Amino acid sequence: MKRQDYDMPFMLKYENVAWYENGEVKILDRRVYPKEVRFEICKTHKEVARAITDMVTQSAGPYTAAGMGMALAAYEARDLSDEDLIKFLEKAANTISTARPTTSTRLKKVTKGSIKAAKKAIENGEDVVEKVFEEAIESLNRRYSAMDEVAKNLCEVIPDGGKVLTQCFGETIIGTITRTLKEQNKDVKFYCAETRPYYQGARLTATCISEMGFDTTIITDNMVAYTMENIGIDVFTSATDTITGDGHVANKVGTHQIAIVAREFNVPYYVTGMPDGEKKGRDDIVIELRDPSLVLGNHTAKGVKAIYPSFDITPPELITGFVTDKGIYKPRELKNYLDIEHTSYY
């Protein structure tokens with residue numbers, strides 16, 4: 001299969017997300033990009049898991065890192081017996097897939113594919129490390145291909161000359177949307193909410209969109225109402241870290257309040273991605289709480305406290321449509337997606 005990262009911005013090329021080679025995994029450190037291009041070098045799968053936990057990579061980056069981390073785990077276990085190698089990979093899969101709780105369901109799909117590839121390699125007398133690495137590439141191709149279909153569906157509701165508001169960093173969908181809009185010769189302006197406290201919108205989303213040649217403007221997280229009222233936004237869109245079967249969305253904290261403001265100004269909100277069949281409703285979503293010192297920064301008085309929920313949950317009544325690889329579904333229709341034949345894209 002042709003690699004699906006063609007015509008993508010720098011940070012969405014496979015090698016620049018996470019990459020296994022010669023007994024190590026390099027991961028682009030998104031905490032400092034684009035000011036600095038620096039790669040975290042991981043010598044063990046546990047270091048890959050720690051990099052995921054520590055937000056060296058985020059959005060869909062952990063799925064790429066997970067596949068590459070499993071190739072590294074296979075390398076670590078290369079001298080073990082076949083039985084012990086699989087046991088090692090199963091333990092490594094648990095370590096990697098639980099590195100971030102809110103996205104563990106999707107991470108487990110990646111590591112499950114890695115173990116399946118390893119078992120098949122053993123049965124066929126093939127190199128396990130090579131085959132697990134190849135599965136990581138195929139997983140990437142599946143995801144990028146699926147998100148390309150999502151992008152085509154989303155671009156149908158983005159008008160030529162329109163203004164689009166983004167939230168956080170949607171990873172693959174940002175690359176496929178901009179690539180599709182360029183292919184369609186659409187002139188679109190993007191407004192990127194900065195997304196504190198890591199500023200993924202300002203650093204990552206805006207960088208990728210600008211690199212693809214689109215008019216790009218950053219707004220602070222508290223400028224959304226002003227922007228919708230005075231500048232005019234045609235479409236608000238975000239990716240998601242998980243979608244439940246009944247249409248609840250967990251995404252970067254702040255998404256819920258943008259959706260509320262969007263309803264006030266009659267701006268449609270389109271969520272990109274596919275539902276997770278294992279999660280039936282909002283009670284199945286685990287909200288990750290991160291280090292509150294990141295919120296405090298260095299400008300608060302001693303004794304002041306903070307909270308940092310990494311995600312919030314947007315209910316289906318605030319969502320105009322779920323944009324999937326099979327089309328756009330209204331929230332009440334989302335369950336139909338799981339009833340049709342579809343292929344896992346992890």
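**Ground rules.** I treat this as a predicted model, in which local features need pLDDT of at least 70 and side-chain atom pairs count only at pLDDT 80 or more, while totals for chains, interfaces and linings use all residues. I number residues from 1 along each chain as its sequence is written, and my side-chain values use heavy atoms, with hydrogens and water left out.

**Overall build.** I looked up the secondary structure and found twelve helices and 13 strands; these are DSSP runs numbered from the N terminus, helices being H or I of at least four residues and strands E of at least two. The radius of gyration is 20 Å, close to the 20 Å that the globule rule gives for 346 residues, so the protein is as compact as a globular protein of that length. That radius is taken over C-alpha atoms, and the globule rule is 2.2 Å times the number of residues to the power 0.38. Along the principal axes, the C-alpha atoms fill a box of roughly 65 × 55 × 40 Å.

I then checked burial: 56% of the 346 residues count as buried, where buried means under 20% relative accessible area, exposed over 50%, and partly exposed in between, with a 1.4 Å probe and protein chains only. For contacts, meaning heavy atoms within 4.5 Å, I took pairs at least 6 apart in sequence; 73% of these join residues at least 24 apart.

**Cavities.** Rolling a probe the size of a water molecule over the atoms shows where empty space is left. I used a 1 Å grid over the protein atoms alone: a cavity is a set of points where a 1.4 Å probe fits but cannot get out, a pocket is an open set with protein on both sides within 12 Å along at least five of seven lines, and lining residues have an atom within 4 Å of a point. Grid points are joined across faces, edges and corners, and a volume is the space filled by probe spheres set on the points.

The search of the whole structure gave four cavities of 30 Å³ or more. The largest cavity has a volume of about 300 Å³. I found 26 residues lining the largest cavity, with S59, A60, G170, A239 and T240 nearest its centre. Elements that each supply at least two of its lining residues include α6 (128-155), α7 (172-183) and β9 (249-252). By class, its lining has eleven nonpolar, ten polar and five charged residues. Here Ala, Val, Leu, Ile, Met, Phe, Trp, Tyr, Cys and Pro count as nonpolar, Asp, Glu, Lys and Arg as charged, and the others, Gly among them, as polar.

The second largest cavity holds about 60 Å³. Its lining is T166, Q167, G170, I173, I174, I177, T237, S238, A239 and T272. The largest share of that lining, three residues, comes from α7. Four of the lining residues are nonpolar, six are polar and none is charged.

**Second largest pocket and P197.** I put the volume of the second largest pocket at about 260 Å³. It has 15 lining residues, and R196, P197, D221, V253 and G254 lie nearest its centre. P197 sits in the loop between β5 (189-193) and α8 (200-211). The peptide bond between R196 and P197 is cis, with omega about 0°.

**Other backbone entries.** Most residues other than glycine have a negative phi, and most peptide bonds are trans. I noted a cis bond from Y33 to P34, with omega near 10°. M55 is not a glycine but has a positive phi of about 65°. M55 lies in the loop between α2 (45-53) and α3 (61-76), and is buried, with a relative accessible area of 2%. D7, also not a glycine, has a positive phi of about 55°; at 52% relative accessibility, D7 counts as exposed.

**T244.** I located T244 in the loop between β8 (242-243) and β9. Its relative accessibility is 0%, so T244 counts as buried. The side chains of T244 and D246 make a polar contact of 2.5 Å; such a contact is a pair of N or O atoms within 3.5 Å, where within protein one must be able to donate a hydrogen and the other to accept it, and residues adjacent in sequence count only if both atoms are side-chain atoms. Not counting residues up to four places away in sequence, T244 touches P275, K279, K280, G281, R282, I285 and L334.
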